[in-house]
Amino acid sequence: MTASETRYETAAPMARTAKSKRSPFQAAHLFVLPYVVFLLAFGVGPGIYALLVSFSKTVGGRPQLFQAGLSNYVTAFTDFRFGSTIENMLQFLLIAIPMGIIGVLLLSLLLHERKNWFSTTMRTIYFVPGAVAGPALVLIAIFMFDPNVSPFDGLLRDVLGYEQVREIVRERNFPLLFAIIAFFGGAGGWIAIFYGALNGISNEIVEAAIIDGCNNLQLALRIKMPLIRPYIAYMLILTFAGNVQLFAEPQLIGRAPGSTVSAYWSPNQLGYAFAFELGNFGAAAALSMLLLVIGIVGAFIIIRATNLFRTEAGGD
Amino acid sequence: MTIHVLDLTSKRQNPVERLYQRLLGNMSLSEFVLWLLVLIAFGLFFGLPLIWLLLAPSKLDNELLSLPPLSFGSFDNYIRAWNNLNVYDDGALVRWGLNSLFYTLTSLIISVAISVPAGYALATAKFAGRRVILWTTLITMILPGSALVLPLFLEMNAVRLVNTPWSVILPAAFFPFGVYLAFIYFANFLPNDLLSAGRVDGCSEWQLFRYIGLPLARTLLGLLAFLSFTANWNSYFLPFVMLNNSELFNLPLGLKALMAGTSAINPTFATDLPIKRPEAALTGLLMVLPVAIVFIFSQRYVISGALTGGIKE
């Protein structure tokens with residue numbers, strides 16, 4: 001054994017352990033640092049801040065932490081508009097979520113039945129309205145619900161018997177209308193995602209099922225659907241979180257000719273009113289906390305019920 | 001010999017039968033018709049509103065009522081509607097469009113620059129705080145974002161950024177979903193052996209990311225850019241709360257101002273402005289068109305991106 005060989009044999013492992021133990025550790029921290037700053041400043045920070053404000057009162061323009069006790073919550077939850085905003089949101093969720101999940105599942109399974117130019121074209125047509133959101137979406141919706149200008153005038157007039165947009169755009173119909181609007185703008189993206197997930201199912205599984213005598217319906221419901229379950233759970237969580245925060249739709253749809261709408265239709269609108277019309281940031285923060293809690297509880301119920309993050313937790 | 005016979009029979013099948021076979025596959029005729037009808041019906045549901053939007057500015061306001069909904073008026077009317085729109089607030093529409101572009105692209109660049117390295121590190125290295133960051137990311141990702149808008153306003157107010165572009169750009173650049181996607185992507189598609197090999201060859205951690213991680217992440221970058229762009233292009237509640245100077249509005253806020261302050265969608269609203277339904281439709285079209293074009297070309301990123309969510313069989 002020569003001297004140089006010895007040096008090589010001892011030095012190399014030392015250098016390697018030093019690198020793999022120390023430098024990746026430091027580098028990884030540098031890689032995540034900017035994100036952690038944003039996470040604290042725009043995610044965790046505002047959440048904690050809202051929590052603090054919700055228990056604070058303002059005296060002479062200066063916030064007094066923890067001086068309000070639960071009074072902000074009492075103010076928000078006993079407001080005469082609070083009950084109806086929650087009721088409106090629940091009605092909307094009860095329609096929008098089943099409509100979204102069933103519609104997206106149905107369409108992605110149907111599209112996946114055949115891969116040809118027709119299904120590809122249809123998939124693209126479903127996908128493109130995802131480009132529309134917020135005021136533009138409400139604008140289009142108002143036109144679509146107006147029998148006088150809508151391309152669906154035949155359906156609205158002859159089948160459903162509506163003559164004027166104000167007969168359709170009225171508060172009683174809002175949960176359904178908002179659900180239709182949400183489906184129009186949101187379904188295509190999820191269809192593409194579900195479609196991608198369906199593509200990931202191995203052919204062997206499908207062929208085995210066909211040999212075992214599965215018909216198309218059984219194949220879709222018993223084989224394909226369970227295999228894309230994580231995506232279904234994921235859509236449930238995100239549409240739930242998205243739907244809880246309805247704001248632009250109820251704020252703007254009342255602009256339709258002849259229709260009226262309460263300025264406080266959704267909890268989010270009420271929160272906005274507390275903050276910017278009444279200057280009561282404490283009560284607004286209490287409402288924010290309520291929405292956050294609803295969002296977190298809803299997400300965790302769905303995660304627990306579907307084992308959504310099993311793979312990630314397992315990979316830890 | 002048997003093969004030869006089989007060959008002959010398949011050739012004898014007449015073309016109509018073969019076409020029939022190809023169309024129907026394993027479906028019965030009634031199943032096939034139902035399949036076709038359902039897909040076409042939804043095709044109309046998703047397709048007609050946008051086609052209508054494309055055609056509406058080609059007509060005058062009264063023509064929207066008198067002509068068939070999907071008819072085409074004339075090209076001149078697009079220009080007329082555009083000129084009418086520019087009367088509003090001294091050409092505010094162009095300013096709003098530029099604002100939208102500026103906010104959206106700046107947020108996009110910052111968010112991608114932040115989330116890709118973060119997702120990479122979370123997927124490839126085990127370091128102190130990793131679990132906390134992952135869980136916090138998952139939680140912030142599924143929160144109703146607008147619940148944070150009011151506290152964000154207070155925060156921005158405290159640092160005197162309210163009513164500046166940064167009050168919209170910075171919160172929008174926080175993109176936990178992007179970090180999560182990047183994490184999943186690198187965890188699934190970047191073999192650790194590859195990184196180990198690079199380390200043995202003397203690559204620094206930055207070089208590993210630059211020359212191994214990033215080149216593998218092209219699909220991911222496309223998907224992230226797409227998601228960030230579409231989310232922020234249509235951003236409404238955040239700028240609505242943060243900005244009250246109409247000079248700073250983005251297009252969604254501008255459209256809201258148009259809808260509220262003119263007879264854009266409500267013909268009974270009394271105003272002297274020449275902004276009526278065709279002008280409103282044109283504004284909507286100008287907002288939708290850029291994203292719609294991006295959408296048509298990025299569908300494959302979304303579809304292939306779904307696989308990064310990884311059904312592990």
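Predicted model: local features only at pLDDT ≥ 70, side-chain atom pairs only at ≥ 80, totals over all residues.
User: What is the phi of B:Arg160?

Analyst: B:Arg160 is not a glycine.

User: Which residues does B:Leu143 touch, not counting residues up to four places away in sequence?

Analyst: B:Leu143 is found in the loop between helix H7 (130-142) and helix H8 (149-158) of chain B. With 21 other C-beta atoms within 10 Å, B:Leu143 is buried. The residues it touches are B:Leu148 in chain B and, in chain A, A:Ala241, A:Leu292, A:Gly295 and A:Ile296.

User: Is B:Phe42 buried or exposed, and which residues is it in contact with, leaving aside its neighbours within four places in sequence?

Analyst: B:Phe42 belongs to helix H3 of chain B. The cut-off for a buried residue is 20 or more other C-beta atoms within 10 Å. B:Phe42 has 22, so it is buried. Outside its sequence neighbours, its contacts are A:Leu107 and A:Tyr126.

User: How many residues of chain B are in contact with chain A, and which helix of chain B gives the largest share?

Analyst: On the chain B side, 90 residues are in contact with 94 residues of chain A. By class, the chain B side has 63 nonpolar, 19 polar and 8 charged residues. The largest share, 15 residues, comes from helix H16 (residues 277-308) of chain B.

User: Into which domains is chain B divided, and how far apart are their C-alpha centres?

Analyst: Domain 1 of chain B covers 2-86 and domain 2 covers 89-308. The C-alpha centres of these two domains lie 32 Å apart.

User: Which helix supplies the largest share of the side of domain 1 of chain B that touches domain 2 of chain B?

Analyst: The contact takes 16 residues from domain 1 of chain B and 15 residues from domain 2 of chain B. On the domain 1 side, helix H3 (29-55), helix H4 (61-66) and helix H5 (75-87) of chain B each supply at least two residues. That side has 11 nonpolar, 3 polar and 2 charged residues. The largest share, 7 residues, comes from H5(B).

User: How many residues of helix H2 of chain B are buried, and what phi does B:Gly25 take just after it?

Analyst: Helix H2 (residues 15-24) of chain B is hardly covered, with a count of buried residues of 0 among its 10 residues. Just after H2(B), B:Gly25 takes a positive phi of about 60 degrees.

User: Why is H6(B) oblique to H13(B)?

Analyst: Helix H6 (residues 92-124) and helix H13 (residues 218-233) of chain B pack with their axes 9 Å apart, at an angle of about 140 degrees. Angles over 145 degrees would count as roughly antiparallel. The angle of about 140 degrees is therefore classed as oblique.

User: What is the handedness of the crossing of H6(B) and H13(B), and how do the contact residues divide by class?

Analyst: The crossing is right-handed. Residues of H6(B) that meet H13(B) include B:Ser100, B:Tyr103 and B:Val116, and among those in H13(B) are B:Leu221 and B:Trp233. The residues of this contact divide into 9 nonpolar, 7 polar and no charged.

User: How are H9(A) and H12(A) oriented to each other?

Analyst: Helix H9 (residues 174-199) and helix H12 (residues 229-244) of chain A have axes 11 Å apart and pack at an angle of about 160 degrees. H9(A) passes H12(A) in a right-handed crossing. Angles over 145 degrees count as roughly antiparallel. H9(A) and H12(A) are therefore roughly antiparallel.

Terms used:
Residues numbered from 1 in each chain as written. Chains lettered and ligands numbered in written order. Contact = placed C-beta atoms within 7 Å. Helix = DSSP H or I, 4+ residues; strand = E, 2+ residues; numbered from the N terminus. Nonpolar A, V, L, I, M, F, W, Y, C, P; charged D, E, K, R; others polar. Axes fitted to C-alpha atoms, helices over the stretch in contact; angles between N-to-C directions. Parallel < 35°, antiparallel > 145°, perpendicular 65-115°, else oblique. Left-handed = near helix turned anticlockwise from the far one by under 90°. Buried ≥ 20, exposed ≤ 12 C-beta atoms within 10 Å, placed from the backbone. Domains from an automatic or database assignment.
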